[in-house]
Amino acid sequence: LPESGVPQLVQPMIWDYSADLDVEGKVQLIEKYRRCGFSKVWFASAFKGATGVNQSLTFIGHHLKNQLQWLEVASRTPPDVLEGIALTGWQRYDHFSVLCELLPVAIPSLAVCLQALKNGGYSEQIKENVEKLLGMSNLEIDTFMR
């Protein structure tokens with residue numbers, strides 16, 4: 001790969017939407033990319049649309065855990081290697097599937113995930129800030145929003 005010139009033309013993106021991603025495995029994968037000549041990598045997480053083809057409501061806790069896991073990977077990666085995080089929100093699993101988790105039901109998840117990434121973690125204060133921002137009295141993280 002280094003001799004092909006590809007590492008100077010592209011930056012790999014590592015996709016994983018799971019709430020329990022293998023942090024050590026991701027750190028090792030990034031090191032493999034670096035040994036192949038890639039100087040930068042991207043991470044891809046999700047705030048919606050990644051937990052089931054028929055999912056209609058967004059489980060914020062799953063997506064928040066995913067962001068926190070990526071932050072853990074980032075903390076164990078040399079600071080000059082991470083180019084950014086693509087926070088995705090999928091609408092369907094493939095072109096033949098029905099729509100899942102429409103954006104309006106996922107806006108609280110988007111707000112929580114963005115705040116967690118921006119602040120490098122999640123706390124009661126961040127929860128209160130999101131509730132205030134969205135005009136909500138009780139943001140439910142560990143159950144589906146009602």
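**View 1. Lys40 and Glu83 form a salt bridge.** In this predicted model, the closest N and O atoms of the pair are 3.9 Å apart. A salt bridge here is a side-chain nitrogen of Lys or Arg within 4 Å of a carboxyl oxygen of Asp or Glu. Lys40 sits in the loop between helix 1 and strand 2 (41-48) and Glu83 in strand 3, so the pair ties together parts that are 43 residues apart in sequence. (Helices, H or I with at least four residues, and strands, E with at least two, are DSSP runs numbered from the N terminus.) Lys40 is partly exposed, at 25% relative accessible area, and Glu83 is partly exposed too, at 38%. For these labels, buried means under 20% relative accessible area, exposed means over 50%, and partly exposed is in between (1.4 Å probe, protein chains only).

**View 2. Lys26 pairs up with Asp16 in another salt bridge.** The closest N and O atoms are 2.9 Å apart. Lys26 belongs to helix 1 (residues 23-35) and Asp16 to the loop between strand 1 and helix 1, so this pair links parts that are 10 residues apart in sequence. Buried or exposed? Both Lys26 and Asp16 are buried.

View 3. Lys127 and Glu131 are both buried. A search of the whole structure finds five salt bridges.

**View 4. Helix 2 and helix 3 cross at roughly 20°.** The axes of helix 2 (residues 60-75) and helix 3 (residues 103-119) come within 9 Å. Axes are lines fitted to C-alpha atoms, for helices over the stretch in contact, with angles from 0 to 180 degrees between N-to-C directions. The two helices therefore count as roughly parallel, a label for angles under 35 degrees.

**View 5. Glu101 has a positive phi of about 40° although it is not a glycine.** Look for Glu101 in the loop between strand 3 (82-89) and helix 3.

**Reading the views.** Residues are numbered from 1 along each chain as its sequence is written, and side-chain values use heavy atoms, leaving out hydrogens and water. Because the model is predicted, local features need pLDDT of at least 70 and side-chain atom pairs count only at pLDDT 80 or more, while totals for chains, interfaces and linings use all residues.

Terms used
Parallel < 35°, antiparallel > 145°, perpendicular 65-115°, else oblique.
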